[in-house]
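Trainee: Before we start on the details, could we go through this structure together, one feature at a time?

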Amino acid sequence: MRSRIVTEASVIIGGGVAGATAALALSRAGRRVDLYERSSSANHKICGEFMSREVSANLRSLGVDPVDLGARPINRVRLVRGNRSVDQPLPFPALALSRKILDEALLEHATSCGVNVIRGKTARVIEQSDDGGFEVSFGPGDSTSARAIFLASGKHDLRGVKRASPGRQSDYLALKMYYRFNRKKTEHLRSVVELILLKECYLGLMLVEDDCVNFCPVLSQDRFIKAGGTWQGVLQQFSSESDYVAAYLEGAEPLLDRPLAISRVPYGFVHNPSSEDPPGLWRLGDQIAVIPSFTGDGMGMASCSAVLAANMFLEGGTSHEFHRRFSSIVRKQMRVSKPLNSVFFRHSVGQNALIWLASQFPSGVRAIARATRVPEAAMPRID
Ligand SMILES: Cc1cc2nc3c(=O)[nH]c(=O)nc-3n(C[C@H](O)[C@H](O)[C@H](O)COP(=O)(O)OP(=O)(O)OC[C@H]3O[C@@H](n4cnc5c(N)ncnc54)[C@H](O)[C@@H]3O)c2cc1C
């Protein structure tokens, strides 16, 4: 069926943490919002699912409490390499919840708050119209127009609104599987986010709701090829390299038919605001910055960008001002996390140094945890 909708509502493309948070913040202020999400039902996403305090605080202010959804508390970080491990308290309380549950709850809540959530529609092209507004096309004869677009579609570019420089694609591959471990191993992971350092790889483990284990390795393409390019090959490689990982995998029950995978993540990308950006197009979440995964702060950035954009939009600010402000907030975080990502998580000397430093200087681990997230003082408020 052909349809062309002309709307005065703000249009949000993408219903992940960034899009749903922006929708809730705008609708709270009485604005009409249309949110388009390409998935037609709840689905899993590649993510370590570590939720920093700032994200959960924002979610609570917007009416979604992750603890009510089954989120598990996380208050320690454990680094493991070979037969050495260091376990330290985190400098802030965190939570763990699957994105399938979280993102769906956010969209349901947005709907109940009056946001027009349209599922199963993929934006194909966005073009600026002669009057300065935007035309979003979903396919032949199916489009909508709006004066303001919040682009929260994740890491990849959308036709018509490509970024001048979308960031250098890394040669990392990220995979994710859920497992059920036995009671002893489950208790070993209780309240801990664990980072296991392997050759050209780090593996994040954490308990999410119902004590499912999020098992999320990030490895070099090279290593993946050497493992035969298969999940089974990767697991065999892990087990032969690490007795610690082998013990986890022994008897573990996989909870998905196959793992999720993503490659070429542009770690360290920060959108460089330029005068050629179409005014009125607000880039949120991974569209504006992609922090290395080990920090567990991608949702923090998504949440921060969404709230800041909504606040500035409501105060009459421009998208150019927002892009500049947000980029300046996260630059320091990126300056710290990018080199750590390549030195500590790639090279064995760096990994050994990290374990040694963490055991000798516990305050250093806490300082890294703090320096790799959006500073609390810069977190925009939800009124
Ligand atoms: C391996 C890995 C581990 C990570 N671990 C963590 C972690 O532990 N903690 C953390 O905070 N962050 C983590 N992150 C980062 C985090 O997942 C992202 O930063 C976060 O999901 C960004 O949110 P977003 O809303 O911008 O994008 P997304 O969550 O990607 O949401 C985008 C949404 O837009 C929809 N969409 C896409 N294109 C279209 C379209 N054309 N039309 C309509 N809808 C569309 C998608 O279906 C999706 O729902 C990790 C990332 C990786 C790769």
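Predicted model: local features only at pLDDT ≥ 70, side-chain atom pairs only at ≥ 80, totals over all residues.

Trainee: What is the order of the strands in the open sheet?

Mentor: The sheet has five strands with parallel pairing. Its edge strands, each pairing on one side only, are strand 7 (116–119) and strand 18 (281–283), and neighbouring strands are turned by 20° against each other on average, direction ignored. Read across the sheet, the order is 7-3-2-11-18.

Trainee: What angle does the direction of helix 8 make with that of strand 18?

Mentor: Helix 1 (residues 17–28) packs on the sheet by touching strand 2 (10–13), strand 3 and strand 11 (149–151), and its direction makes about 165° with that of strand 3. Helix 8 (residues 298–314) also packs on the sheet, where it touches strand 2, strand 11 and strand 18. The angle between the direction of helix 8 and that of strand 18 is about 155°.

Trainee: Which residue of strand 6 is the bridge partner of F50?

Mentor: Strand 4 (residues 50–51) runs antiparallel to strand 6 (residues 84–96), and two bridges join them. The partner of F50 in strand 6 is A96.

Trainee: Why is G70 placed in its accessibility class, and which class is that?

Mentor: G70 lies in the loop between helix 2 (53–61) and strand 5 (72–81), and, leaving aside residues up to four places away in sequence, it touches L97 and E209. The cut-offs are under 20% for buried and over 50% for exposed. Because its relative accessibility is 23%, G70 counts as partly exposed.

Trainee: Which helix gives the most residues to the lining of the largest cavity?

Mentor: The largest cavity holds about 80 Å³ of space, and its lining has 13 residues, of which S39, N43, K45, D103 and E104 lie nearest its centre. By class, that lining has two nonpolar, four polar and seven charged residues. With five residues, the helix that gives the most is helix 3 (residues 99–112).

Trainee: And for the second largest pocket, how many lining residues are polar?

Mentor: This pocket has a volume of about 270 Å³, and R168, S170, Y267, K338 and N341 lie nearest its centre among the 13 residues that line it. Helix 9 (residues 319–344) gives the most to the lining, with three residues. The lining divides into three nonpolar and four charged residues, while the number of polar residues is six.

Key:
Residues numbered from 1 in each chain as written. Heavy atoms only, no water. Pairing = 2+ DSSP bridges. Helix = DSSP H or I, 4+ residues; strand = E, 2+ residues; numbered from the N terminus. Axes fitted to C-alpha atoms, helices over the stretch in contact; angles between N-to-C directions. Contact = heavy atoms within 4.5 Å. 1 Å grid on protein atoms, 1.4 Å probe; cavity = no way out; pocket = protein on both sides within 12 Å on 5 of 7 lines; lining within 4 Å. Points joined across faces, edges and corners; volume = space filled by probe spheres on them. Nonpolar A, V, L, I, M, F, W, Y, C, P; charged D, E, K, R; others polar. Buried < 20%, exposed > 50% of the residue type's maximum accessible area, 1.4 Å probe, protein only.
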